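Have the viewer open as you read.

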Amino acid sequence: MLSGIAVVIVVVYIIRLAFLQLMSEDFKASADNNAFYNNVLYPSRGTIYDRTGKMLVYNQPAYDLMVVTNELEGLDTLDFCRTMGMTREAFEQRLDQIRDRNKNPGYSSYTQQVFLTQIPVTEFSVLQEKMFRYNGFYIRRRTVRKYAYPYLAHVLGDVAEVSQAEVDRDDYYQSGDYIGKQGVERSYEQDLRGVKGVEVLLRDARGRIQGHYKNGARDRKLVPGKDLILSIDLDLQALGERLMEGKLGAIVAIEPKTGEVLCMVSSPTYDPRLLEGKERGKKMIEMGKDPLKPLLNRAVMGTYPPGSTFKTSQALTFLQEGIITPQTAYPCSRGFRLGGFKMGCHGHPAPLPLIPAIATSCNGYFGWGLYHMLNNRTKYKTIQDALTTWKDYMVSMGFGYKLGIDLPSELRGLIPNAPYYDKAHFDKKNNRPNWNALSVISISIGQGEVLLTPLQIANLGATIANRGYYITPHVVKEVKGGSLADSLLVKHKTLVDSTYYEYVVEGMRKAVLGGTCKGANNPWFETCGKTGTAQNPHGQDHSAFMGFAPKDDPKIAICVYVENGKWGATFGVPIGALMMEQYINGHLSPASEAKATAFQNRHIAYGNRK
């Protein structure tokens, strides 16, 4: 009996000893920590430039103070607190936060934990002289992001400490590391961050560094982050942000031949330098409470009715499907009228064929075009079939789905399909859908359920400029030492023959010469444009403009969208004209500069929006 108990006790001790020696990570960490010190080397983050070589984002040295709580024995706490300018209570509170596994799940008393981040150089110089006194504390040399200009906040994004969720998702990161949170800082994180290095250093029994383990054989060199060259033209961006002061909306400009985004303005915006350093969290909370939502990138996240800019896509669809020819004329008695139904329009000569219908932005013309398409039973068996065909054309033009720009949080907008209307207009009494062409006629003029982002509207301009194709829009022109994703270089062809685009181009040119866009005409180059006045049930109509220039060698396609700006010609056209002049000519004429100042000071009262 006693011998059996003795055997059991011996076996238990053997098992426990084996567990401690072979399995326990705590003891392994303790042993490694006593013998080795892994000095993590942080690479410099890639620099970001605009398309002309202007440096937009760069790095500045910073220092973090790290602590290994298991090594704090003998620390002169009062001297440490005096040096760091903190109270004893604040010191103890910070250690408690570090040791709290609920707040710091990755805590280990044997590994370095972040005590303070981004110590100013003035404080660091004093601290460095005394570091030999402070057992358990270590300096980690880092860099912090600096933004050279007050522009491009939504495109550039910012950098901040990783969350625990981000640490769990990617074992590259550990608590206290920095990561891109928004904009290209986020979408190009893996290119920008580089690769950490490690120095494996030997320590003696007192924890003093004795040199590299095996003369550095186990060290790993750091790899600096890759630099980015954006497709953005900073001067154009600066003008756009200036023109949108005091307004809500967006401007997006694209180089048609490449899909490169030349500017992306979302208004209101903010100075990206506000999110540098320790004040980031406070500033984010303040802006998050602002009813005008400055953190929202309206260029890719704002979904709006495109208004009459959308009529160009309708003309192309009707031409390709044989619903109209360029000579087809439709009546317009201040709108589309059928029986007791009316969809209004402004006064202009009628009936009109296609090109003048585009130039004058005739609602009646495009209403009749969709009406005849949806009711064509020779070509389509049902109205659902007709609308599905219509939807397929819209999708091929880049609507209804994300375009795939290299920025986070892009929204898809809305292109309604047949199931959408079958559900919205379902007759429960007769157990069947009950809708017709008049139920949805407003989609022909970019109203109703149709929603697009300013990026999608600008991309429509680029597609027309290219006579039938677009390249995936992207804000990064080049990754130094790397390459752009293949998806950003794809050429997307629409379902419409290039021949039909010439008629739409001519209509847009006529709109500038004497139609709704005549405010965009200039003596330097041929501009093509289309206005949009989008009805807004919550207040004043929205002002939109979509265009490109020059007509036969397009270098820029643009969308301007101003919330509650009333007519397309009120804000959209003149702002778009100034932006195209700046990019193509490289400057504004004195008269245009005066106009730019006037629009900069022309604010719209939005009140206290929710």
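Start at helix H20 (residues 498-514), which lies across S20 and strand S21 (542-549) and runs at about 75° to S20. Helices (H or I, at least four residues) and strands (E, at least two) are DSSP runs, numbered from the N terminus. Axes are lines fitted to C-alpha atoms, for helices over the stretch in contact, and angles run from 0 to 180 degrees between N-to-C directions; contact means heavy atoms within 4.5 Å.

Before going on, some housekeeping: this is a predicted model, where local features need pLDDT of at least 70 and side-chain atom pairs count only at pLDDT 80 or more, while totals for chains, interfaces and linings use all residues. Residues are numbered from 1 along each chain as its sequence is written, and side-chain values use heavy atoms, with hydrogens and water left out.

Now for the sheet. S20 and S21 belong to an open sheet of five strands, ordered S12-S11-S22-S21-S20 with antiparallel pairing. Two strands pair if DSSP finds at least two bridges between them. Strand S12 (260-267) and strand S20 (528-534) each have a single partner strand, so one side of each has no neighbour in the sheet. On average, neighbouring strands here are turned by 5° against each other, direction ignored.

Inside the sheet, strand S11 (residues 249-255) pairs with strand S22 (residues 556-562) in the antiparallel sense over six bridges. Look for Gly249, whose bridge partner in S22 is Val562. Another helix, H10 (residues 234-243), lies across S11, S12 and S22, running at about 25° to S12.

What about Cys263 and Cys559? A disulfide is a pair of cysteine sulfur atoms within 2.5 Å, and a search of the whole structure finds zero of them. The closest cysteine sulfur to that of Cys263 is in Cys559, 10 Å away, so the two are too far apart for a bond. Cys263 is buried at a relative accessible area of 0%, and Cys559 also counts as buried, at 0%. (Buried means under 20% relative accessible area, exposed over 50%, partly exposed in between, with a 1.4 Å probe and protein chains only.)

Finally, zoom out. The protein chain comes to 22 helices and 22 strands, and its C-alpha trace spans about 105 × 75 × 45 Å along its principal axes. Of its 610 residues, 53% are buried. Among contacts between residues at least 6 apart in sequence, 71% join residues at least 24 apart.
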